[in-house]
Amino acid sequence: MYQLILRRTGRSLLAIIGVSIVAFIAVRMSGDMERFLLPPDAGAEDFARVRHEYGLDQPLYLQYLFFIAKAVTGDFGTSWRWHDPAWTVVVDRLPATLQLAAAAALIAFLIAITVGPLSAARPGSWIDRIGRVFAILGQSMPAFWVGLMLIRIFAVDLRWLPSYGRGDLSNLVMPAISLGWYAAAAQTRLMRSAMLNVLDSEYIKLARLKGVPEFYVIYKHGLRNAALPVLTLMGVQWAALLSGSVVIETIFAWPGVGRTIVEAIFNRDYAVVQAGTFMMSLIFVGANLTVDLLYGVLDPRIRNAR
Amino acid sequence: MSDARVPIADASAVRRSYRLRAFFRLPLPSLVILSVVVIAALFAPYLTPHDLDSFDLSASMTPPFWVEGGSSEHILGTDNLGRDIFTRLLYGARVSLLVGFLAVGIAGTVGTILGLVAGYFGGLADSIIMSIVDIQMSVPAILLALILAAAIGPGLGTVIIVITIIYWTFYARLARSEVLSVRARDFVALAQVAGCPSRRILFKHILPNILNSIIILATVEFGAVIIFEATLSFLGLGVQPPTPAWGSMLADGRTYIATAWWISVFPGAAIMLTVLSINLLGDWMRDRWDPKRRQV
């Protein structure tokens, strides 16, 4: 078990270092930093001074080490657009992103846990067919288009829900559905096939022979065993939901981290781009690590694998 | 099951009935839609009376012809600049297909070769390649794309590079795991004993055995790549205007969702139909050639 923890943690650390290198090089590649910092009429010695001040005259690997040394203390520089430390800008927007991802995960789970077992209980029935169409459509529709169509139907035509911003629960409904749409499709599909396998086993037959009502057979005896693979998938999807929020937040003007990063790219606010990607990667890597380790706790075969 | 009734002795009849059934299970609607998309991309200039660059501000936001106020001149309506949506959809198919083919092609080739090497030689090459794969898979794809697009600057080339960098890992993993099982088989050992050079074993003996799985993965990924390209274009990081891409057309229509739904509905429908067809085709191919991974 300790070996597993060590190996997975080491790999996560490598991943974070990888992200930091990419984020660092990306900003260096995007042009001469000093040109952003100086007025257009600045002379040659101004350039030299600024280059020296910001360490831009140092070798690249030293610059990277400086960047890392500052980054671990949460210092990514100052956002020129928000006039705040970049890390603070991003952290302030984190709760909104987490709220959206959690709501999407909840919706996906609720759909999977109702539609999945029902369609597995009666393969070929109308609910099964609707479920399958839904799953195939979910994989083929871009999330941002689902969002736009929802806005048109529920905000413009029916005027039931607000189309943008963050406020009460009604603001959350459409972004959460568009974000959870794909996850719901994948979970429902997995829930269905896991349930089909479970319902075929001996103890389910025994339960039916004993005269246990069908509802309990499915939701008590079946679901407990069928839910495991779905829970694993949810762990992986949690990370995907966080990064998927980049697009959804942009459509619904949701004040989260993803939208802030996209805006920062267009504003050339590189401190925020670096801080934002760094934080999202931390969460992503952390979520994956947690899933891996939980898996090890739950399944001895994985725990003892090489 | 009808083949239970076929006499076992009559092998050719069994084969014929099997072939017939397989033929009828072909996802015909998918093939029709995909052909339409390919034809649209290839012959875009000949299929529309309008010029790609022509715009007519006086005819801006004309609805489709069946809606009140629409005209037969612009069958799917016009956008905010009075550009014909049908024409831009046709040209937009070029971007989606080009990115799809190039990105899937390059990522598939690179990933497969690296996976072959990792799986066949093992050792240090294997550790290095698979570590890179693992690390890269633990970085959110859209963020990687955002940073890269910010660094290189948006454009068609950037989209292809970004998608290649993200998607080669899937092929490397698949190729590696397939090689591991093929490598253990006798004909590979025989080739080694016969003094066949490694390169020849890899490409002439092992590759043909795993090509099926690779092609199926490529088909499934093709749809995902089209959606990814549309997402990047939607965020303004993909193909730049005035070149039409389905994703950027959707982004244009976003502002007018309340007044002119057709600007965003049609490009989205085009993406959905194309990706849906590819996914159904991929499912069919998997059922047909790769029963191991068949869905329940």
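Before going on, a word on the ground rules. This is a predicted model, in which local features need pLDDT of at least 70 and side-chain atom pairs count only at pLDDT 80 or more, while totals for chains, interfaces and linings use all residues. Residues are numbered from 1 along each chain as its sequence is written, chains are lettered from A and ligands numbered from 1 in the order in which they are written, and side-chain values use heavy atoms, leaving out hydrogens and water.

Now for the overall form of chain A. Its radius of gyration is 24 Å, whereas a compact globule of 306 residues would have one near 19 Å; the radius is taken over C-alpha atoms, and the globule rule is 2.2 Å times the number of residues to the power 0.38. Along the principal axes, the C-alpha atoms of chain A fill a box of roughly 90 × 60 × 30 Å. One local detail to look for is A:Ala253, in the loop between α10 (214-251) and α11 (257-266) of chain A. Phi of A:Ala253 is near 50 degrees, a positive value in a residue other than glycine.

Next, see how the two chains meet. Here 40 residues of chain B are in contact (heavy atoms within 4.5 Å) with 42 residues of chain A. Together the chains bury about 3600 Å², 78% of it on carbon and sulfur atoms; that is the accessible area (1.4 Å probe) lost on putting the two parts together, summed over both.

What about charges? The rule finds 1 salt bridge across this interface, meaning a side-chain nitrogen of Lys or Arg within 4 Å of a carboxyl oxygen of Asp or Glu. B:Asp283 forms a salt bridge with A:Arg189, with the closest N and O atoms 3.8 Å apart. On the side of chain B that touches chain A, α4 (123-137), α5 (141-152), α8 (198-234), α9 (246-254) and α10 (262-289) of chain B each supply at least two residues. The largest share, 12 residues, comes from α10(B).

Finally, look within chain B. An unreviewed UniProt entry lists "transmembrane region" for residues 26-47, 97-121, 142-170, 214-239 and 259-282 of chain B; such annotations may be inferred rather than shown by experiment, and the positions are given in the numbering used here. Residues 97-121 of chain B are 100% helix and 0% strand, with end C-alpha atoms 35 Å apart. For residues 142-170 of chain B, the figures are 90% helix, 0% strand and 16 Å.

Technical notes: Helices (H or I, at least four residues) and strands (E, at least two) are DSSP runs, numbered from the N terminus.
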